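Work through the exercises below with the sequence and the coordinates open. Each task is followed by a solution in steps.

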Amino acid sequence: NGFPNVPTLGNVAARINTTPTLSARFSDPDAGDTGTLSFRLCTTNDCSTLYPGGTGSASGVANGANGTWTPPTLPNGTYYWQARAQDNVAGNPPSDWSTVASFTVDTVPPNMPMLTAPAAAARVASPQLTASFSDVDPADTGTLSFQLCSDATCTNVVASNTTASLANPAGATWTPSVPAA
């Protein structure tokens, strides 16, 4: 009976705003084997320090299938994780731990954009809208969304645009095509 392979980790976005569900694929050279995937969540990039409550497992995972585990609710920060496989045949050792993957939980929204041009209530023939993006976390990036409206409450949007990813802090300008009156 063959030993299980080191699991392949599922994708977790690099930066998220909630605790993720971690997944890994169970793979064993014996086609009919099922197994258990063990997960560990760490606070160090070599997984030498476990996060409190940072271990879990998925049992009865079919060969070639993914098993999942959701860690406890996580505060903002960067976390590292790994998985290993154990087949259900008694006496076989588990696989090695997978390579380490990481993700960052960030629940703090960016600051409200500062509108820098045109000035409030300005009358312009060809508008050029300028705003700035900033976030309390200097490593964050973000986008700005612009809307050109035909009324004060912005219920009638006549044009809109979203910027590409911006550094923190950064400004962006958008010159909309103004529809004919």
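Aspartate 140 is buried, at 5% relative accessibility, where buried means under 20% relative accessible area, exposed over 50% and partly exposed in between (1.4 Å probe, protein chains only). The model is predicted, so local features need pLDDT of at least 70 and side-chain atom pairs count only at pLDDT 80 or more, while totals for chains, interfaces and linings use all residues. Residues are numbered from 1 along each chain as its sequence is written, and side-chain values use heavy atoms, with hydrogens and water left out.

**Exercise 1.** Find which residue forms a salt bridge with aspartate 140, and state where the two partners lie.

Step 1. A salt bridge requires a side-chain nitrogen of Lys or Arg within 4 Å of a carboxyl oxygen of Asp or Glu. Aspartate 140 meets this with arginine 15, the closest N and O atoms being 2.5 Å apart.

Step 2. Arginine 15 belongs to strand E2 and aspartate 140 to the loop between E10 and E11, so the pair ties together parts 125 residues apart in sequence. Strands (E, at least two residues) and helices (H or I, at least four) are DSSP runs numbered from the N terminus.

**Exercise 2.** Determine how many salt bridges the whole structure has, and describe the others that involve arginine 15.

Step 1. The search of the whole structure returns 3 salt bridges.

Step 2. Aspartate 137 pairs with arginine 15 at 2.7 Å, N to O. This pair links distant parts of the chain, 122 residues apart, with aspartate 137 in the loop between strand E10 (129-133) and strand E11 (145-149).

Step 3. Aspartate 106 also pairs with arginine 15, at 3.4 Å between the closest N and O atoms. Because aspartate 106 sits in the loop between strand E8 (101-105) and strand E9 (114-117), and arginine 15 in strand E2 (residues 15-16), parts 91 residues apart in sequence are tied together.

**Exercise 3.** Classify arginine 15, aspartate 106 and aspartate 137 as buried, partly exposed or exposed.

Step 1. Arginine 15 is partly exposed at 37% relative accessibility, and aspartate 137 is partly exposed at 25%.

Step 2. Aspartate 106 is buried, with a relative accessible area of 15%.

**Exercise 4.** Describe the surroundings of threonine 19.

Step 1. Threonine 19 is placed in the loop between E2 and strand E3 (22-25) and is buried at 17% relative accessible area.

Step 2. The side chain of threonine 19 reaches the backbone nitrogen of leucine 74 at 2.8 Å.

Step 3. Leaving out residues up to four places away in sequence, threonine 19 touches Thr70, Pro71, Pro72, Thr73 and Leu74, with contact meaning heavy atoms within 4.5 Å.

Notes
Polar contact = N/O pair within 3.5 Å; in protein donor to acceptor, adjacent residues only side chain to side chain.
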